[in-house]
Amino acid sequence: STTLESVDLALSIDHAVALLEQRLRQSGVVLTRQRPDQPLFVYANALRLEQVLINLLSNARSEERRVGK
């Protein structure tokens with residue numbers, strides 16, 4: 001079952017980045033983040049949203065290793 005709730009997108013991004021930050025840096029991926037002045041809420045399943053963000057960051061890491069840019 002999917003539980004939808006109001007989720008702060010910036011906090012979700014921060015959490016996903018914190019989980020992968022060391023591995024991203026080791027792969028040469030440099031992240032630049034700018035937080036909005038106000039929270040940005042989305043209506044989503046918090047766990048699935050976090051998994052999507054982790055997958056996007058992992059894909060960036062994989063692509064960086066493949067391309068080497």
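Predicted model: local features only at pLDDT ≥ 70, side-chain atom pairs only at ≥ 80, totals over all residues.

1. Phe41 lies in strand 2 (residues 41–44), where strands (E, at least two residues) and helices (H or I, at least four) are DSSP runs numbered from the N terminus. Leaving aside neighbours within four places in sequence, Phe41 is in contact (heavy atoms within 4.5 Å) with Ser6, Val7 and Asp8.

2. Residues are numbered from 1 along each chain as its sequence is written, and side-chain values use heavy atoms, with hydrogens and water left out.

3. The protein chain has two helices and two strands, and from the N terminus on its elements run β-α-β-α. Among contacts between residues at least 6 apart in sequence, 87% join residues at least 24 apart.

4. Of the 69 residues in the protein chain, 26% are buried, that is, under 20% relative accessible area with a 1.4 Å probe and protein chains only. The chain exposes about 5,400 Å² by the Shrake-Rupley method with a 1.4 Å probe, and carbon and sulfur atoms supply 51% of that area.

5. Which residues make up the largest nonpolar core? With a core taken as a set of buried Ala, Val, Leu, Ile, Met, Phe, Trp, Tyr and Cys residues joined through side-chain atoms within 4.5 Å, the 11 members are Val7, Ala16, Val17, Leu20, Leu24, Val29, Ala44, Leu49, Leu53, Ile54 and Leu57. Helix 1 and helix 2 (46–67) are the elements that give two or more residues to this core.

6. Leu24, a member of the core, is in contact with Val29, Leu31, Leu57 and Arg61. Ser12, placed in helix 1, touches Val7, Leu49 and Leu53, and Ser12 counts as buried because its relative accessible area is 9%.

7. The largest pocket holds about 200 Å³ of space. Of its 13 lining residues, Ala10, Ile13, Asp14, Arg33 and Gln34 are the closest to its centre. Helix 1 (residues 9–26) gives the largest share of the lining, five residues.

Notes: 1 Å grid on protein atoms, 1.4 Å probe; cavity = no way out; pocket = protein on both sides within 12 Å on 5 of 7 lines; lining within 4 Å. Points joined across faces, edges and corners; volume = space filled by probe spheres on them. Buried < 20%, exposed > 50% of the residue type's maximum accessible area, 1.4 Å probe, protein only.
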